[in-house]
Amino acid sequence: MRFPKVQNMHVFTPKRCATANKVMYRSQQTAQSEANRLSIERNVDLWIYHCEYCNTWHLTSHLPQTAWTKVPLNQQLKPHSRKRGYKPRRR
Ligand SMILES: [Zn+2]
């Protein structure tokens with residue numbers, strides 16, 4: 001006989017942030033433990049960050065915006081310009 005798996009975890013429907021469209025966690029601790037669980041479960045890296053819009057914590061699979069690497073202007077890619085060198089002509 002087959003029994004459906006009963007999940008006895010207390011089910012709660014998490015609220016979602018209207019701005020980030022992410023699950024809201026009320027405390028950093030909750031978000032962190034959830035991030036740990038999910039990262040093991042899904043084998044992904046998760047970060048938590050504090051949302052300034054809803055004042056809760058979210059999980060993200062990308063680095064938070066604060067960790068974005070900024071490329072300084074003088075290191076941006078330059079168009080590859082070659083100086084015109086003279087080629088020795090064969091006569
Ligand atoms: Zn939010």
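Which helix holds both Glu-34 and Arg-37, and how many residues apart are they? Both lie in helix H1, 3 residues apart, which is about one turn of the helix.

## Basis of the model

This is a predicted model, in which local features need pLDDT of at least 70 and side-chain atom pairs count only at pLDDT 80 or more, while totals for chains, interfaces and linings use all residues. Residues are numbered from 1 along each chain as its sequence is written, and side-chain values use heavy atoms, with hydrogens and water left out.

Helices (H or I, at least four residues) and strands (E, at least two) are DSSP runs, numbered from the N terminus.

A salt bridge is counted when a side-chain nitrogen of Lys or Arg is within 4 Å of a carboxyl oxygen of Asp or Glu. This rule gives 2 salt bridges. In one of them Glu-34 pairs with Arg-37, with 2.8 Å between the closest N and O atoms. In the other, Glu-41 pairs with Arg-37, and the closest N and O atoms are 2.9 Å apart. Glu-41 and Arg-37 are 4 residues apart in helix H1, so about one helical turn separates them. Through shared partners, the salt bridges join Glu-34, Arg-37 and Glu-41 into one network.

Accessibility is classed by relative accessible area: buried is under 20%, exposed is over 50%, and partly exposed is in between (1.4 Å probe, protein chains only). Arg-37 is partly exposed at 41%, whereas Glu-41 is exposed at 52%.

## Zinc site

Four residues coordinate the zinc ion at 2.1 to 2.3 Å: Cys-17 (SG), Cys-51 (SG), Cys-54 (SG) and His-58 (NE2). Donors are N, O and S atoms within 2.8 Å of the metal (3.2 Å for Na, K and Ca); water is not among the atoms, so sites may look incomplete. The angles among the 4 donor atoms are 100 to 129°, and the site is tetrahedral, a class that requires four donors with all angles between 85 and 135 degrees.

Along the chain, the donors have the spacing C-x33-C-x2-C-x3-H. Cys-17 lies in the segment before helix H1 (28-42), and Cys-51 is in the loop between strand E1 (47-50) and strand E2 (57-60), so this pair ties together parts that are 34 residues apart in sequence. Cys-17 and Cys-51 are both buried.

## Nonpolar core

A nonpolar core is a set of buried Ala, Val, Leu, Ile, Met, Phe, Trp, Tyr and Cys residues joined through side-chain atoms within 4.5 Å. The largest one has 8 residues: Val-23, Tyr-25, Ala-31, Ala-35, Leu-38, Ile-48, Trp-57 and Leu-59. H1 and E2 each supply at least two residues of this core, and H1 gives the largest share, 3 residues. In soluble globular proteins, nonpolar side chains tend to be buried together.

Contact means heavy atoms within 4.5 Å. Leaving out residues up to four places away in sequence, Ala-35 touches Leu-46, Ile-48 and Leu-59.

Thr-60 belongs to strand E2 and is buried, with a relative accessible area of 7%. Apart from neighbours within four places in sequence, Thr-60 is in contact with Lys-22, Asp-45, Leu-46, Trp-47 and Tyr-49.

Val-44 sits in the loop between H1 and E1 and is partly exposed, at 34% relative accessibility. With residues up to four places away in sequence not counted, Val-44 touches Leu-38 and Ser-39. The C-alpha atoms of Val-44 and Ser-61 are 7.3 Å apart, and these residues are 17 residues apart along the chain.

How values were computed: Four donors count as tetrahedral if all angles lie between 85 and 135 degrees; four count as square planar and six as octahedral if opposite donors are over 155 degrees apart and all others between 65 and 115; anything else is irregular.
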